[in-house]
Amino acid sequence: MREEHAGVHAGDPILLSPDFQVDEVLSLFLCRSSFARLAPETKRNYTDDYCLFFDFLWGRGKTWSEATSEDLWDFEDWRTRSPRNPRTVGGSRWNRGLAALTRLYDWAVRSARVPVNPVVMRSVLGRYGETVIVPVARARNARASEVHWLTPRAFRRWVDVGLRGHGVDGRPSLGWKGRLEDRNAAFADLLFSSGVRLTEGASLLTFEVPALALEGGRYYVGRLARQVTKSKRARTFYVSSPVMGEVEGYVESSRARVVRRAQAQGRYERLPAWRQVTHQTGGRRRLMHWRDQDGVEGQTALAEATVEERMSFLAEGPAGPELLWLWLSESGLPFHPSSWECVFRAGSARCDRMLAPETAAPPFCTPHMCRHSFALSMLVVLNHVMDRRMGLTAEERRDFRLLYGDPWRMVQDLLGHAQLETTRAIYLAPVADLQLRTLLADVAPVGGPDGEAELTELFTRLARESAGIQDLDEKLAAR
């Protein structure tokens with residue numbers, strides 16, 4: 001294929017100018033530079049930022065390679081402050097676009113594609129006293145992250161109403177025609193229960209899902225492959241047994257149904273590229289041995305398989321070949337990670353329609369909010385276990401922390417953060433300045449031995465006293 005010879009692969013962005021021309025140098029950057037090795041979501045975001053700046057330049061009669069520092073400053077003014085722009089953005093969004101332009105023009109200058117970098121740089125001292133080169137136009141008022149949280153009961157109501165089609169009364173609505181609602185609810189619950197990122201949870205293969213054990217257990221352990229994590233380090237995750245039951249129910253019901261339909265229609269054999277996994281070897285370093293549509297045999301380490309490669313893996317099932325990708329569309333094909341954003345938006349829109357007459361703030365949710373909320377829930381629960389359920393004295397609590405770690409660091413490990421500061425300052429900002437031990441001591445011990453009602457009361461109090469945490473108001477909670 002011409003695209004392959006030119007180094008253009010499936011998923012690589014191709015930009016057209018308003019006169020429908022393709023810039024050869026720009027395509028080289030998008031397909032063959034370090035840009036091509038960025039995470040898929042980062043590439044999508046950066047490509048959107050490039051389009052905005054290039055359109056701005058086109059209105060001035062310029063192409064991307066003719067940009068000057070004055071053009072960039074004018075673009076910054078239009079993008080962040082100008083009354084002529086009805087959709088100005090904040091500092092965080094501007095900084096993301098500036099990072100995209102910095103990557104492009106650094107490459108263009110180093111490869112002698114443009115004479116001058118329009119992104120002017122300066123030296124500053126980093127957090128640890130090191131010298132860091134940053135763009136002069138970088139916004140200083142950027143918030144580290146636009147973080148929101150859901151209490152467990154608010155999240156449950158969002159799932160029931162937004163994804164399962166329930167009404168205000170908590171019962172299934174008449175005429176509800178949800179599409180793969182068991183898949184959608186199981187995926188949302190997986191993110192909320194485990195704290196894995198969107199792409200990490202969306203890229204799981206069927207054999208990577210922890211299997212339910214006959215003897216039971218409250219939590220099950222899974223492993224994220226190195227290649228699908230943001231940090232590119234393998235990580236353990238934990239999922240509650242009810243959520244694993246949901247995932248298993250989806251696999252045995254609607255997933256099995258769409259697989260049978262796809263097999264009957266011969267869709268898997270007609271995939272443009274597939275790899276039939278013949279067998280697996282190895283222990284911790286598992287190797288996938290496969291044969292592709294051309295009969296070529298090869299092997300791929302599971303830890304090194306990219307998201308795109310994972311989508312192409314087939315296995316021989318009872319009724320023929322089937323995909324190893326866990327989450328499937330109605331056609332039986334891989335459900336792309338980015339498509340989950342649409343599912344969550346639709347769920348939030350339905351919550352808004354159904355619950356707006358009952359409450360001024362219907363719950364909304366995004367995939368990353370599940371991760372934020374997991375972090376908040378785990379910190380509260382870990383402190384609860386340490387301070388109430390275990391009945392530790394101050395000295396025993398100190399010894400416990402020395403042996404097993406502080407709850408903050410436990411949550412850091414569960415999230416896979418390299419820096420504790422990220423966990424404290426961004427994900428757990430509502431409680432970063434609270435003495436949870438004192439807070440918990442003020443809560444009346446209600447709800448029986450499992451303390452569920454006690455925790456619900458604590459979450460309600462946190463939501464009332466902290467910005468950004470969504471909870472149900474009393475009228476809606478009583479339904």
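The mean pLDDT of the protein chain is 82, and 76% of its residues reach 70 or more; pLDDT is the predictor's confidence in each residue, from 0 to 100. Over residues 433–449 the value is below 50, and this stretch has 31 contacts in the model beyond near neighbours in sequence (contact means heavy atoms within 4.5 Å). Where pLDDT is low, the predicted coordinates should not be read in detail. This is a predicted model, so local features need pLDDT of at least 70 and side-chain atom pairs count only at pLDDT 80 or more, while totals for chains, interfaces and linings use all residues. Residues are numbered from 1 along each chain as its sequence is written, and side-chain values use heavy atoms, with hydrogens and water left out.

**Nonpolar cores**

- The largest nonpolar core has 63 residues, and Phe155, Trp158 and Trp327 have the most contacts inside it. A nonpolar core is a set of buried Ala, Val, Leu, Ile, Met, Phe, Trp, Tyr and Cys residues joined through side-chain atoms within 4.5 Å. Buried means under 20% relative accessible area, exposed over 50%, and partly exposed in between, using a 1.4 Å probe and protein chains only.
- Now look at Trp158: not counting residues up to four places away in sequence, Trp158 touches Leu163, Ala188, Phe344, Gly347, Ser348, Cys351, Pro363, Phe364 and Cys365.

**Aromatic rings**

- The structure holds 20 aromatic pairs. Rings of Phe, Tyr and Trp (its six-membered ring) pair if their centres lie within 6.5 Å; planes under 30 degrees apart count as stacked, over 60 as edge-to-face and the rest as tilted.
- Phe29 and Tyr50 form an edge-to-face pair, with 6.0 Å centre to centre and 75° between the planes. This pair links distant parts of the chain, since Phe29 is in helix α2 (residues 24–32) and Tyr50 is in helix α3 (residues 40–58), 21 residues apart. Helices (H or I, at least four residues) and strands (E, at least two) are DSSP runs, numbered from the N terminus.
- Phe29 counts as buried because its relative accessibility is 1%, and Tyr50 counts as buried because its value is 0%.
- Phe29 also forms a tilted pair with Trp107, at 5.3 Å centre to centre and 50° between the planes. Here too distant parts of the chain are linked: Trp107 is in helix α5 (residues 91–110), 78 residues apart from Phe29 in helix α2. Trp107 is buried, because its relative accessible area is 13%.
- Ring pairs join Phe29, Tyr50 and Trp107 into a cluster with Phe35, Phe53, Phe54, Phe56, Phe75, Trp78 and Trp94.

**Charges over rings**

- Arg183 lies over the face of Phe335, at 4.0 Å from the ring centre. A charge sits over a ring if NZ of Lys or CZ of Arg is within 6 Å of the ring centre and within 35 degrees of the ring normal.
- Arg275 lies over the face of Trp290, at 4.0 Å from the ring centre.

**Two serines to find**

- Ser193 lies in helix α7 (residues 181–194) and counts as buried because its relative accessibility is 10%.
- The side chain of Ser193 reaches the backbone nitrogen of Ser240 at 3.0 Å. Leaving out residues up to four places away in sequence, Ser193 touches Tyr219, Tyr238, Val239, Ser240, Val243 and Phe374.
- Ser254 is found in helix α9 (residues 241–264) and counts as buried because its relative accessibility is 2%.
- A polar contact of 2.8 Å joins the side chains of Ser254 and Asp182. A polar contact is a pair of N or O atoms within 3.5 Å; within protein, one must be able to donate a hydrogen and the other to accept it, and residues adjacent in sequence count only if both atoms are side-chain atoms.
- Leaving aside neighbours within four places in sequence, Ser254 is in contact with Leu180 and Asp182.

**Backbone and loops**

- Most residues other than glycine have a negative phi.
- Leu180 has a positive phi of about 55° although it is not a glycine. Leu180 sits in the loop between α6 (152–163) and α7, and counts as buried because its relative accessibility is 10%.
- Ala112 has a positive phi too, near 60°. Its place is in the loop between α5 and β1 (121–125), and Ala112 counts as exposed because its relative accessibility is 67%.
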